[in-house]
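This report takes up two topics.

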Amino acid sequence: MENKRGQWTSSFGFILASIGSAIGMGNLWGFPYKMGANGGFPFLIIYMIMVIACGVVVMGVEMTIGRHTGKSPILALSQLSKKFKIIGIFGVMCSFLITGFYSVLIGYSIRYAFGFAKQIFGVQGFEGLGGADFFGAYTSDVLSVFIFTVICYVVCWIIVSGGISNGIEKFSKVCTPALFVILIAIIIYNLTLPGAKQGLAFMFSASGMEIAGTKFNFFNAVRTAGGQMLFSLSLGMGCMITYGSYLGKEENISTSAWLIPAIDTLAALLAGLAIFPAVFAMGQAPNAGPGLLFITMHNTFTSMGYVGNFVGFLFYLLVIFAGVTSAISLIEVSTASMVDGATAKGKNPNRRKITFFVCLGMLIISTLVCFDQLGKYTGWLPFAESSRSFLDLLDFIAEGVLMPLGSVMMCILVGWVLKKDWLSNEITLNGNKFYTKNFFTFFVKYVTPVLMTFVLISLVLSFFGL
Ligand code: PHE
């Protein structure tokens with residue numbers, strides 16, 4: 001039976017929802033390009049070390065905090081130690097900042113899926129314009145961008161107000177597997193294209209740096225991998241605390257903490273295979289961020305001829321599925337915090353209403369993102385490398401500051417503030433085995449917080465071009 005807060009109906013449902021949260025834009029537009037531009041294999045190795053040394057540990061820590069307290073981040077952290085309440089508040093802020101730009105991007109994807117769907121039936125889907133021209137015209141049409149963003153929020157609102165088992169779990173059980181099916185179908189098609197090999201070379205070998213015009217720099221690779229890893233695994237902002245709070249005591253947290261990062265990393269590699277072979281086969285130049293997903297990929301599908309409409313439609317459907325399963329987890333962080341907050345005050349919260357107001361608040365941030373048109377008003381920002389848009393600023397505050405800070409603090413809480421056996425006591429409840437216990441207890445104290453502090457400091461420096 002589901003209790004009043006809600007609970008996952010099965011371990012499988014929880015895993016699929018968590019994988020759905022992890023796999024998103026981060027995997028699609030972030031990882032493959034960063035890997036190519038930072039040396040290929042060496043970057044992959046550094047990324048995997050970051051995933052194991054920090055991702056797995058913080059994932060385990062967050063799930064354990066969530067399940068132990070049965071509460072969303074603010075209440076969960078303040079229950080463990082009053083001083084750490086602020087980290088929960090930062091988490092909720094982070095969910096607003098990320099959803100603020102994330103939903104706009106999902107909105108773009110809905111527009112593009114719609115465009116290719118129309119073209120399947122022989123109707124112009126992009127006003128006859130090429131990738132860059134259409135993207136420019138579309139992003140400066142603030143009203144259309146806004147409308148598609150609202151569509152994204154309505155979909156998320158319906159899912160999240162359905163609750164944990166009836167909303168998020170049900171949706172993830174369909175969309176997460178579907179996402180893999182589409183991903184693999186696109187990869188199979190791409191690898192048959194002549195010239196696809198170059199795409200593999202971009203991602204996996206040093207030639208990626210030549211093409212991207214970058215040089216391998218160890219520290220740069222470490223901080224890029226660190227930030228990317230936190231964003232991609234939805235860590236440091238309480239998302240996994242929230243999902244963990246709906247876990248039953250029979251779940252083995254130590255298994256999930258290894259499994260979810262492993263599948264997310266696999267998905268990031270598969271995303272690269274779904275993108276770069278096609279990009280090179282169609283004679284396009286690789287790119288990062290929204291430019292990759294919307295300009296480069298649009299041109300790539302157009303160059304494929306009629307069949308490109310099908311591949312393009314499927315690709316944007318994939319982006320939508322990946323995006324929505326992540327967005328609902330972001331919205332759930334804030335929704336759960338308000339639901340729990342109201343319950344703690346003795347009120348009887350209405351989840352549907354709360355989700356509505358959370359989405360409305362986030363939509364205000366999204367509206368600013370729409371108005372900024374990817375950098376119209378933000379040229380004064382000090383970013384060295386990225387495109388100096390309001391979107392990049394939000395992304396930086398989340399991925400570059402709040403998420404690493406949250407991860408460091410949660411490790412300090414579990415490794416140094418709470419009792420020595422706190423982690424293993426919770427994980428071994430119900431007779432569960434704590435796999436790799438020595439690894440977790442050592443890393444949470446001595447390794448993860450140190451590495452994450454390094455990532456935090458160097459990402460902040462990178463903001464100022466250092
Ligand atoms: N992990 C998601 C992605 O890779 C983004 C996300 C971040 C989702 C934080 C939830 C929480 O796109």
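## Two helices in contact

Which residues in H14 meet which residues in H15? The model is predicted. From H14 come Leu293, Phe294, Met297, His298 and Phe301. They meet Gly308, Val311, Gly312, Phe315, Tyr316 and Val319 in H15. By class, this contact has eight nonpolar residues and three polar ones. It has no charged residues.

Two packed helices are described by the angle between their axes and the distance between the axes. H14 spans residues 289–303, and H15 spans residues 307–344. Their axes come within 9 Å and cross at roughly 155 degrees. Angles over 145 degrees count as roughly antiparallel, so H14 and H15 are roughly antiparallel to each other.

## Around the ligand

There are 15 residues around the ligand. Of these, Ala22, Met25, Gly26, Tyr102 and Phe231 come nearest.

Now look at the polar atoms. A polar backbone atom of Gly26 is 2.9 Å from an oxygen atom of the ligand. A polar backbone atom of Ser21 lies 3.1 Å from a ligand nitrogen atom. Ser234 uses its side chain: an N or O atom there is 3.1 Å from a nitrogen atom of the ligand. Taken alone, the ligand exposes 330 Å². The protein buries 100% of that.

Key:
Residues numbered from 1 in each chain as written. Predicted model: local features only at pLDDT ≥ 70, side-chain atom pairs only at ≥ 80, totals over all residues. Heavy atoms only, no water. Axes fitted to C-alpha atoms, helices over the stretch in contact; angles between N-to-C directions. Helix = DSSP H or I, 4+ residues; strand = E, 2+ residues; numbered from the N terminus. Parallel < 35°, antiparallel > 145°, perpendicular 65-115°, else oblique. Contact = heavy atoms within 4.5 Å. Nonpolar A, V, L, I, M, F, W, Y, C, P; charged D, E, K, R; others polar. Near = heavy atom within 4 Å. Polar contact = N/O pair within 3.5 Å; in protein donor to acceptor, adjacent residues only side chain to side chain. Areas by Shrake-Rupley, 256 points an atom, 1.4 Å probe, with all protein chains shown as cover.
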